[in-house]
Each structure stands twice: as structure tokens, then as C-alpha cells.
Amino acid sequence: MPTILAFAEARAGQLRKVALEAVTAARQLAGGDQVHAVLVGEGGIGAHAAALGQHGADVVHVCEHAGFARHNPEALAALLAAAANATGARVVVLPASAHGKDVAPRVAAKLKVGLAADLTAVAFEGDAIVGRHPVNTGKVLATVTLTAKPAVVTMRPGAVPPAAHPKAGTVQALAPVGDPSASRVVTTTLVQGNTAKLDLGEAPVIVTGGRGLKAAEHFAIVEALAEAFGNAAVGATRAVTDDGWRPHSDQIGQTGRLVSPDLYIAVGVSGAIQHLAGMRNSKTIVAINKDKEAPIFKIADYGIAGDAFEVVPKLTEAVKAARAQS
Ligand code: FAD
């Protein structure tokens with residue numbers, strides 16, 4: 001029976017949201033066929049297998065090895081390619097995360113097939129796999145057809161939100177291919193680029209500041225609003241990161257992070273096409289801008305035409321009051 005194989009990405013012993021998204025995408029592709037997930041990390045990572053079963057994995061292959069404590073693309077690609085062969089995978093689904101983007105081409109090369117990268121949708125059409133891939137900052141949607149078997153795809157983070165679909169999640173131990181500790185690529189340290197408590201890719205709420213804030217120190221009002229939500233990360237436009245007001249790891253857009261939180265609040269952001277490319281898939285978009293003609297209002301679900309320095313503190317108090325009551 002053909003299977004759909006999903007790579008369940010973990011970092012520092014924790015399952016990432018994109019892992020559940022990959023399993024959900026695999027479940028949607030599988031129909032009545034089986035979904036197998038591959039979960040890799042150092043000792044103890046197998047504890048997350050149940051969560052993958054809850055999102056649609058029939059079988060979770062767990063590989064625990066000290067050599068997988070940090071990003072190990074060579075050993076991981078060898079493992080995933082071997083798992084694809086062993087399970088008769090028809091499709092291999094990985095996230096288009098920084099990690100997945102490094103591993104997926106290696107997996108495709110080992111399997112001697114092509115790769116369809118950064119898809120926002122994927123489905124069977126007859127015997128082929130057809131994916132949608134936004135190009136030119138989302139102005140054009142390319143349709144990519146894969147006929148080789150297996151098809152290797154990466155899914156854009158946030159494109160397929162995690163959905164509960166309880167399955168057995170039967171755990172099987174998976175042996176590494178060779179010695180993961182002997183890889184030619186060795187990750188020695190992991191530097192946390194984003195200064196926020198929550199990673200931009202994981203946060204359900206993002207508050208982004210633009211050049212309208214006028215100075216680095218004025219980001220305090222954006223941080224206070226994020227803090228009031230309790231589950232928000234702070235993002236920035238490129239104008240801001242280029243000026244050194246925020247680190248480049250906070251940048252959202254075509255040349256920054258691609259995000260799709262439940263709630264995106266843009267403060268003093270004009271809405272340039274390159275910025276929209278990184279956040280237009282957010283579920284609800286709120287824009288605060290003193291120019292009511294600003295392009296950001298065209299994609300905003302809610303807009304406040306006003307001065308950020310007056311509006312944001314009031315919004316922060318309102319969020320605090322609402323949370324205090326709930
Ligand atoms: P501005 O465009 O200057 O907008 C500031 C906004 O703040 C204005 O709309 C103004 O009305 C408003 N404002 C001013 N004062 C207040 C106030 N007191 N209260 C409320 N509102 C106020 N940009 C990105 O963000 N991400 C990218 O990844 C990215 N990649 C790029 C790649 C390329 C190849 C190129 C050419 C550009 C890229 N850019 C990117 C830059 C992009 O084109 C814009 O220049 C940038 O997004 C503008 O940032 P901004 O909205 O903060 O600033």
C-alpha cells in the first residue's frame with residue numbers, strides 16, 4: 001500500500017508547529033492510505049509521537065541518537081530517503097522551514113527525483129502530484145506537476161494549519177543510516193536570532209512595527225502591546241531592520257520571514273508588496289496607520305486610521321482589560 005511520509009521537525013527536543021502542519025498535509029493527501037511520520041532527535045524525542053498520532057499519523061518512526069541533538073542535514077537526509085524507500089512512500093512532505101529547506105533537496109537527490117518547494121497547496125490529480133507555489137511576491141501562483149515517484153515537496157509554514165485527526169500513532173524504532181555523529185556537516189551551536197520570547201513562526205499573534213514608529217526606542221509601545229497579549233512575537237519591516245532598529249531576524253517579508261499567525265497587527269507599516277509577501281496569509285490582519293490611503297489597508301481585515309502613538313497604548317490597555325476579565 002502506498003504511504004505518505006511526513007518529516008516531523010523538532011528543535012532542541014521540542015516538536016515544532018511545522019511538524020504538525022506536515023503531518024496534517026500528509027493526512028489530507030493520503031485519503032484512505034497510511035501516513036507515516038519520521039521523528040528524529042536525541043534521547044526522549046519519542047515522547048512527541050502521540051501528538052503526531054493526534055494529527056493523523058498511523059505510524060511514527062522514531063530515531064533517537066545523540067548525533068541528532070542539533071541540525072544534522074546529511075544524516076537526516078539519509079534517514080528520510082531510507083524511510084521513504086522502506087515505507088514505499090508515494091509522497092515525502094517536509095516543511096519549507098530553514099531546516100526543511102536544507103534537508104529536502106538532499107532527500108530528493110538521494111531518491112533521484114525532483115523537488116517542489118515552498119508549496120501553499122498540494123493534491124493528487126490522477127496519478128500526479130500537483131502543487132501551488134507563489135512566485136513574484138505572491139502576485140502569480142505557479143502550478144507544479146510532479147510525476148516522478150516518490151514526489152518530494154516542502155510546504156510553506158502556515159499554509160496547512162494543524163488539524164486534529166486522531167490515528168493510532170503506532171511507534172516504531174528507526175535505526176540511523178550509518179553514524180549520525182560522523183557527518184561532514186557539524187552544527188556546533190544554535191544561535192537564537194529572534195530576541196522575542198516566541199519565535200515568529202510559532203507565535204499565534206504578531207505585532208509588527210514599521211518606519212512609522214520613527215525611532216528604535218519607540219518599539220517599546222509595540223513590545224508592550226505584544227506583552228499584553230501574552231502569546232505574541234514582535235516583527236519588523238525591512239526599513240526598520242536596515243536602519244538597525246531591530247535585528248534582521250525580526251524582518252518579515254519577501255527577504256525575511258514568511259509568517260501566517262492567527263492575528264497580525266501592523267503598526268506604522270505602509271504595506272509595500274515585499275512586506276505583504278511575508279504576511280498576507282495571516283488569518284486576521286489589523287493595520288494602524290495615520291495615512292488612510294496606505295496600501296496596508298487594502299489587505300487589512302480591520303483598519304485604524306490614526307497616530308500609532310495614541311492608538312497603540314489604548315489598544316494595549318484594552319487587551320490587558322479583556323484578558324483580565326477572561
Ligand atoms: P514606510 O514605507 O516608510 O512606511 C511607514 C508608514 O508609517 C507609512 O505608511 C506612514 O503613513 C506610517 N506612519 C508614519 N507615522 C505614523 C504614525 N505616527 N502612526 C501611524 N502610522 C504612521 N520590506 C519588508 O518589510 N520586508 C521585506 O522582506 C522586504 N524585502 C524587500 C526586497 C526587495 C528586493 C526590495 C526592493 C524591497 C524590500 N522591502 C522589504 C522594502 C519595501 O519595499 C519597503 O520599503 C518597506 O517594507 C517599507 O517599510 P515600512 O512600511 O516600515 O516604511
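**Close-up views of a predicted model**

**View 1. The buried residues of α5.** Seven names make up this set: F219, I221, V222, L225, A226, A228 and F229 are the buried residues of α5. Their packing partners are β13, β14, α6, β15 and α9. Just after the helix comes G230, with a positive phi of about 85 degrees.

**View 2. The open sheet, strand by strand.** The sheet is open and has 5 strands. Their order is β14-β13-β15-β16-β17, and the pairing is parallel. The edge strands are β14 (232-236) and β17 (302-305). Each of these edge strands pairs on one side only. From one strand to the next, the twist averages 15 degrees. In general, strands of a sheet pair through backbone hydrogen bonds, either parallel or antiparallel.

**View 3. The pairing of β13 with β14.** Strand β13 covers residues 205-209. Strands β13 and β14 pair in the parallel sense, over 5 bridges. Look for T208, which stands opposite G235 in β14.

View 4. The ligand is surrounded by 26 residues. The closest are R211, K214, T237, T255 and S270. In R238, a backbone N or O atom lies 3.0 Å from an oxygen atom of the ligand. Q254 likewise places a backbone N or O atom 3.0 Å from a ligand oxygen atom. For G256, the distance from a backbone N or O atom to an oxygen atom of the ligand is 3.5 Å. On its own, the ligand has 990 Å² of accessible area, and the protein covers 77% of it.

**View 5. S249 in its loop.** S249 sits in the loop between α6 (238-242) and β15. Is S249 buried or partly exposed? S249 has a relative accessible area of 26%, so it counts as partly exposed; buried would require under 20%. S249 and V286 are 37 residues apart in sequence. In space, their C-alpha atoms are 22 Å apart.

View 6. Strand β8 (residues 121-125) pairs with strand β9 (residues 128-135) in the antiparallel sense. The pairing runs over 5 bridges. F124 has I129 in β9 as its bridge partner. The two strands form a hairpin with 2 residues between them. In the turn, G126 has a positive phi of about 65 degrees.

View 7. The bridge partner of V130 is T145 in β10. Between the strands of this hairpin are 4 residues. N136 takes a positive phi near 50 degrees in this hairpin.

Definitions and conventions: Residues are numbered from 1 along each chain as its sequence is written. This is a predicted model: local features need pLDDT of at least 70, side-chain atom pairs count only at pLDDT 80 or more; totals for chains, interfaces and linings use all residues. Side-chain values use heavy atoms; hydrogens and water are left out. Two strands pair if DSSP finds at least two bridges between them. Axes are lines fitted to C-alpha atoms, for helices over the stretch in contact, and angles run from 0 to 180 degrees between N-to-C directions. Buried means under 20% relative accessible area, exposed over 50%, partly exposed in between (1.4 Å probe, protein chains only). A residue is near a molecule or strand if one of its heavy atoms lies within 4 Å of it. A polar contact is a pair of N or O atoms within 3.5 Å; within protein, one must be able to donate a hydrogen and the other to accept it, and residues adjacent in sequence count only if both atoms are side-chain atoms. Accessible areas come from the Shrake-Rupley method with a 1.4 Å probe; for residues, only the protein chains shown count as cover. Contact means heavy atoms within 4.5 Å.
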